[in-house]
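The sequence and structure come first.

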Amino acid sequence: MTQPPYGQVPPRGTVQPPPVPGQGPVPPGQYPGQAQGPYQAQPGQGPYQGQQPQYQGPPPQGPPPQGPPWQQPPSSYPVPPRKPTGLIVGLCLGAVAVLALGVVAIVSLNRGSGPSNAGYQAAPPSPTSAYELPPTSGSSTASSAPTSPSESPSTSTSAGPHKILKLADHPILQDRNAGLQNLVCNLPQWTSTQDGAEAFFTAASKCLDAAWGPFLESYNLPFTPPALHFPTGPSFDTECGTIQVGIATAAYYCENNLYVPFKGLQTDQYGNNPGVYLALFAHEYGHHVQEVAGIMDAAWQKIYAAGQNSPEGLDMSRRKELQAQCFSGMFLGAHVDRGGTITRDMYNKAWNDQETRGDNTSRSHDHGTNAHYAQWWRAGAKDNRIADCNTFAASASDVS
């Protein structure tokens, strides 16, 4: 049994809708589900590597090279007459001025032939494209390829695990060969006590996690195990409201939480039949599979739009419940006779018990007739193929 969150829970058959949303077994060891390949990132451009040569300025300038130092001529040569001192000083100063002007002119000419510091600008950094890592689970690397600096940087968002709000065309329902891996599941011996039931269902939840977790993750869906609760009172509170423990509440699922009130299991009627209890628990876990996948949200959108008690709304509710039945059958079919404690006797008891459950027993119209309740459970148990659980693609006569 499952209901959407919020509000008080009305009597069976008038399920409270949620708020309007935002939008034969396979061979052992062979996992038939096909995993989608990792998300390939958009090629990005690495950081700009080229560098402009640093401007060093013009080569150093100075006076023209001088000749060898002046030497006194030999004494045999006649000595020229001494010139007046003032004239010599004046000539020297004039020569120095001319030389200085020449140096300035040379420097200016040399600077004009090279790059100008005033006009030089460093090359702008090249755009670096954003690239994304593939979705998590394991180590992976991102590749990048350079693009020309004129190209705009790519922008992208993470495509990590996320729900897919689809029904008949949901990706997990398309592969005819996809099913649960055949695994060994070891459960403690059933005892009809509060502690015994808690130990049994806690171990069963681990087996269900191991079966459904990898399957859902292979489709890039955000799997997390549901939280388990074992209420002991006459009622218990959930996000879906306060639930009364009774014949119709052997187990209950609401918003990633799975509740198993021992007093609702009717152990006085079913006694030591762990296969019956396991199938019941696996049905509620099947609603968690729908929740993780996005099927639950998509179904409630339809129910909300049509009206929960309208013919269309009740039809959608039955398809949702009968799919959970099929998922329950898949789990037992994938784990029976695998060397664990899910025996053929447990499987057979669960197979036969399905005919006792459904709308004929509960006198409602939201779960499917007893015959269809058994039909869809057995479809999943027989071949362990999730495509056989596509109740949303079935004819109306098969989900009445």
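## Strands E4 and E5

Cys254 stands opposite Asn257 in E5. The model that holds this pair is predicted. Strand E5 covers residues 257-259, and three bridges join E4 to E5. These two strands run antiparallel.

Tyr259 also lies in strand E5. With a relative accessible area of 8%, Tyr259 is buried, because residues under 20% count as such. Leaving aside neighbours within four places in sequence, Tyr259 is in contact with His229, Pro231, Phe236, Asp237, Thr238, Ala251, Tyr252 and Cys254.

## The three-stranded sheet

E4 and E5 belong to an open sheet of three strands, in the order E1-E5-E4, with mixed pairing. Strand E1 (227-229) and strand E4 (252-254) stand at the edges with a single partner strand each, so one side of each has no neighbour in the sheet. Direction ignored, neighbouring strands of this sheet are turned by 20° against each other on average.

A helix is placed against this sheet. Helix H4, residues 274-293, lies across E1, E4 and E5 and runs at about 15° to E4.

## The E2-E3 hairpin

Strands E2 and E3 form a hairpin, with two residues between them. E2 spans residues 235-238 and E3 spans residues 241-244; four bridges join the two strands, which run antiparallel. Within this pairing, Ser235 stands opposite Gln244 in E3. Phe236, Asp237 and Thr238 are among the residues in contact with Tyr259.

## The chain as a whole

In total, the protein chain has nine helices and five strands. Along the sequence the pattern reads α-α-β-β-β-β-β-α-α-α-α-α-α-α. Of the 400 residues in the chain, 41% are buried. The accessible surface is about 21400 Å², and carbon and sulfur atoms account for 56% of that area.

The average pLDDT of the chain is 72, and 60% of the residues score at least 70. Over residues 3-89 the pLDDT is below 50, and this stretch has 148 contacts in the model beyond near neighbours in sequence. Residues 103-157 also have a pLDDT below 50; for this stretch the model has 64 contacts beyond near neighbours in sequence.

## Helix H6

Helix H6 is made of 25 residues, 311-335. At 1.5 Å a residue H6 should span 36 Å, and its end C-alpha atoms are 37 Å apart, which agrees. Of the 25 residues of H6, 23 are buried, so the helix is largely enclosed by the rest of the structure.

Ser317 has its place in helix H6. Ser317 is buried, with a relative accessible area of 8%. Apart from neighbours within four places in sequence, Ser317 is in contact with Ile303 and Asp366.

## Helix H9

Helix H9 has 14 residues, 370-383. The buried residues of H9 are Asn370, His372, Tyr373, Ala374, Trp376, Trp377, Arg378, Gly380 and Ala381. The buried residues of H9 pack against H4, H6, helix H7 (344-353) and helix H8 (359-362). H4 is also the helix that lies across E1, E4 and E5.

## Positive phi values

Which residue takes a positive phi just after H6? Asp337 does, with a phi of about 60°. This is a positive value in a residue other than glycine. Asp337 lies in the loop between H6 and H7, and at 45% relative accessibility Asp337 counts as partly exposed.

Arg363, found in the loop between H8 and H9, has a phi near 60°, again a positive value in a residue other than glycine. Arg363 is exposed, with a relative accessible area of 77%. Just after H9, Asn384 takes a positive phi of about 55°.

Definitions and conventions:
Residues are numbered from 1 along each chain as its sequence is written. This is a predicted model: local features need pLDDT of at least 70, side-chain atom pairs count only at pLDDT 80 or more; totals for chains, interfaces and linings use all residues. Side-chain values use heavy atoms; hydrogens and water are left out. Buried means under 20% relative accessible area, exposed over 50%, partly exposed in between (1.4 Å probe, protein chains only). Accessible areas come from the Shrake-Rupley method with a 1.4 Å probe; for residues, only the protein chains shown count as cover. pLDDT is the predictor's confidence in each residue, from 0 to 100. Contact means heavy atoms within 4.5 Å. The expected span of a helix is 1.5 Å times one less than its number of residues. Two strands pair if DSSP finds at least two bridges between them. Axes are lines fitted to C-alpha atoms, for helices over the stretch in contact, and angles run from 0 to 180 degrees between N-to-C directions.
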